[in-house]
Amino acid sequence: MNFIESLQDFVLGLPEAVQFLGVALAAMVPFVENYGAVIIGSVAGIPIWATVAMAVIGNVAVIALVTLIAGRTRDAVLARKAQPDAAGPADTARSQRVRALFDRYGIPGVTLLGMLLVPTHFIAVTLVSFGCSRTGVIVWHAIAITIYAVLTGALMVGLFSLTGV
């Protein structure tokens, strides 16, 4: 049994009245994210609109938490670097390339396009480490998460209508 099947069994094992909370919990897991939770919930028989809403809520909640923790960590690191005896690490070529991509596309581009390749958790931490506004990171993630969840929900509705489920 693979990880996705385990999450689906977890959601199905919950009482019907709270299965949507299982979708929200699944959306908090990196690599499953909102689109995976929408698929899990819709295959489990939860109404698509409820699945999409709970996937968005779960994914945005964990991203907000991760963003705030990363921001606090960044603040602590910068405060320590400001001390005269603390020597910070030099920028690597890789971090300079990532920074150049960020400078080119900004928070919206990195968030909207990055979700196709990298979990939202990593994107949020990276953007905060570059010094982006925590509010901006959370808002753009909420927008991107909602877009991807709604698109996945629409694809599931289309798939179900094609297969007659």
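Author: Happy to! This is a predicted model, and its largest nonpolar core has 38 residues. Those with the most contacts inside the core are Val23, Leu127, Cys132 and Val137.

Reader: Nice. Which elements give two or more residues to this core?

Author: Helix 1 (3-13), helix 2, helix 3, helix 4 (48-81), helix 5 (93-114), helix 6 (120-129) and helix 7 (134-163) are the ones that do.

Reader: And where does the largest share come from?

Author: That is helix 4, with 10 residues in the core.

Reader: Back to valine 137, please. What does valine 137 touch?

Author: Leaving aside residues up to four places away in sequence, Val137 touches Thr67, Ile107, Ala124, Leu127, Val128 and Cys132. Two of those, Leu127 and Cys132, are also listed with Val137 among the residues with the most contacts in the core.

Reader: Let's switch to helix 2 and helix 3. At roughly what angle do their axes cross?

Author: Roughly 150 degrees, and the axes of helix 2 (residues 19-27) and helix 3 (residues 33-43) come within 8 Å. An angle over 145 degrees counts as roughly antiparallel, so that is how helix 2 and helix 3 run relative to each other.

Reader: Is that crossing left-handed or right-handed?

Author: The crossing of helix 2 and helix 3 is right-handed. Helix 2 makes the contact with Val23, Ala26 and Ala27, while helix 3 uses Glu33, Asn34, Ala37, Ile40 and Gly41. Sorted by type, the residues of this contact are five nonpolar, two polar and one charged.

How values were computed: Residues are numbered from 1 along each chain as its sequence is written. This is a predicted model: local features need pLDDT of at least 70, side-chain atom pairs count only at pLDDT 80 or more; totals for chains, interfaces and linings use all residues. Side-chain values use heavy atoms; hydrogens and water are left out. Axes are lines fitted to C-alpha atoms, for helices over the stretch in contact, and angles run from 0 to 180 degrees between N-to-C directions. Helices (H or I, at least four residues) and strands (E, at least two) are DSSP runs, numbered from the N terminus. Angles under 35 degrees count as roughly parallel, over 145 as roughly antiparallel, 65 to 115 as roughly perpendicular and the rest as oblique. A crossing is left-handed if the near helix is turned anticlockwise from the far one by less than a right angle, and right-handed if clockwise. Contact means heavy atoms within 4.5 Å. Ala, Val, Leu, Ile, Met, Phe, Trp, Tyr, Cys and Pro count as nonpolar, Asp, Glu, Lys and Arg as charged, and the others, Gly among them, as polar. A nonpolar core is a set of buried Ala, Val, Leu, Ile, Met, Phe, Trp, Tyr and Cys residues joined through side-chain atoms within 4.5 Å. Buried means under 20% relative accessible area, exposed over 50%, partly exposed in between (1.4 Å probe, protein chains only).
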